[in-house]
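Biologist: I would like to learn how to read a protein model. Could you take me through it, one feature at a time?

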Amino acid sequence: MSVKVENITKNYGMQLALDNVTFTIDAGEIVGLVGPNGAGKSTMMKIITCYLPQTSGNVTVCGFNVVEDAIKVRKKVGYLPEHNPLYLDMYVLEYLEFIAGIHKIGKDGKKRIEEMVEITGLQAERKKKIGALSKGYRQRVGLAQALIHNPEVLILDEPTSGLDPNQIVEIRNVIKKVGKEKTILFSTHIMQEVEAICDRVIIIDHGRIIADQATADLQKINTEYLTVLVEFDKSITNTLLRSIPGVIDVLEAGNNNYCIRALKGNDIRPEIFKFAVKKEITVLSMKIEEKSLEETFQQLTKNK
């Protein structure tokens with residue numbers, strides 16, 4: 001596995017930022033670290049990238065401990081912080097040459113810089129000063145510096161924060177492109193981002209992990225109810241639908257469509273079919289409603 005986090009706790013004085021956090025990320029995974037502002041996302045990333053020591057627990061990256069083998073970990077990791085720290089008076093190529101020198105890339109430095117310019121779409125901006133670039137292109141420069149030493153693990157802290165919709169899509173595409181060859185952990189509080197990019201989601205709130213699941217599975221979380229969306233060939237009264245065994249509520253959705261609710265774990269679809277056959281009603285369509293990731297996120301993090 002690429003990243004292994006075991007029982008990480010972090011205190012800032014009397015404030016508990018991370019509380020016994022444990023998770024692993026396998027090679028090649030794209031994992032979203034999601035949570036409200038102040039949940040502990042950035043703190044977790046700073047610990048993984050050796051910028052901040054944990055209070056207790058252990059983290060290894062590609063088999064190297066972040067405390068005992070910090071230099072080796074840094075060689076394996078590319079990091080784009082939430083506030084992208086760039087030298088605004090430097091030109092794009094000048095800055096990337098500077099970063100290549102820090103990583104001691106050597107004779108292959110120019111070739112690697114050209115590769116990064118192409119991957120991140122900086123061809124048209126390569127000779128401009130960083131201070132003259134839009135925020136979207138500055139994020140591309142930040143991604144280029146994070147990738148230039150060809151790390152195995154990429155850590156991105158809210159890489160699309162503050163970008164316009166077009167810029168967000170462009171940066172997402174870059175992340176997906178490089179994600180074919182890298183292990184990626186990136187933080188966000190935008191659930192559409194998770195749906196567009198991630199294989200898996202870790203939701204953190206008040207320093208604790210409250211969900212860790214495949215993106216598709218997370219949408220199926222519903223702590224209380226199961227809702228079935230049904231379309232019949234004719235109108236049916238709510239009273240009649242409530243007579244179906246297991247049904248606790250019915251909502252009309254128009255045009256002979258109904259939202260039929262039961263308690264979670266009670267799949268009432270067979271009962272609906274039996275009801276339709278008995279009443280000589282045709283079921284035109286039927287499916288279980290899946291909550292959006294945004295609804296699931298709100299459900300899991302509210303009033304915590």
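Modeller: Gladly, and we can begin with axes: they are lines fitted to C-alpha atoms, for helices over the stretch in contact, and angles run from 0 to 180 degrees between N-to-C directions. Helices (H or I, at least four residues) and strands (E, at least two) are DSSP runs, numbered from the N terminus. This is a predicted model, where local features need pLDDT of at least 70, side-chain atom pairs count only at pLDDT 80 or more, and totals for chains, interfaces and linings use all residues. Residues are numbered from 1 along each chain as its sequence is written, and side-chain values use heavy atoms, with hydrogens and water left out.

Biologist: At what angle do helix α5 and helix α6 pack?

Modeller: In general, two packed helices are described by the angle between their axes and the distance between the axes. Here α5 (residues 135-147) and α6 (residues 165-178) pack at about 15°, and their axes are 10 Å apart. That makes α5 roughly parallel to α6; angles under 35 degrees count as roughly parallel, over 145 as roughly antiparallel, 65 to 115 as roughly perpendicular and the rest as oblique.

Biologist: Which residues make the contact between α5 and α6?

Modeller: Contact means heavy atoms within 4.5 Å. On α5 the contact uses G136, Q139, R140, L143 and L147, and on α6 it uses Q167, E170, I171, V174 and V178. By class, that contact has five nonpolar, three polar and two charged residues. (Ala, Val, Leu, Ile, Met, Phe, Trp, Tyr, Cys and Pro count as nonpolar, Asp, Glu, Lys and Arg as charged, and the others, Gly among them, as polar.)

Biologist: How do α3 and α5 cross?

Modeller: Their axes come within 9 Å and cross at roughly 25°, so α3 and α5 are roughly parallel to each other. V92, Y95, L96 and I99 of α3 meet V141, A144 and Q145 of α5. By class, this contact has six nonpolar, one polar and no charged residues.

Biologist: Which residues touch the most other members of the largest nonpolar core?

Modeller: In soluble globular proteins, nonpolar side chains tend to be buried together. A nonpolar core is a set of buried Ala, Val, Leu, Ile, Met, Phe, Trp, Tyr and Cys residues joined through side-chain atoms within 4.5 Å. Buried means under 20% relative accessible area, exposed over 50%, partly exposed in between (1.4 Å probe, protein chains only). The largest core has 43 residues, and Y95, L96, V141, L156, I184 and I203 touch the most other members. Helix α3 (residues 92-102) gives the most to this core, with six residues. V141 touches L86, V92, Y95, L96, L122, I130 and L133, leaving aside residues up to four places away in sequence. A second, separate core of 29 residues includes V3, A70, V77 and I202.

Biologist: Is F275 buried or exposed?

Modeller: F275, in helix α10 (residues 269-278), is buried, with a relative accessible area of 8%. Not counting residues up to four places away in sequence, F275 touches I236, L240, L241, S243, I244 and I281. The C-alpha atoms of F275 and I244 are separated by 6.8 Å, although the two are 31 residues apart along the chain.

Biologist: What is phi of N20 near?

Modeller: Most residues other than glycine have a negative phi, and most peptide bonds are trans. Phi of N20 is near 60°, a positive value in a residue other than glycine. N20 sits in strand β2 (residues 15-25) and is partly exposed, with a relative accessible area of 45%.

Biologist: Where is H206?

Modeller: H206 is in the loop between β9 (200-205) and β10 (208-214). Phi of H206 is positive too, near 50°, and H206 is exposed, with a relative accessible area of 53%.
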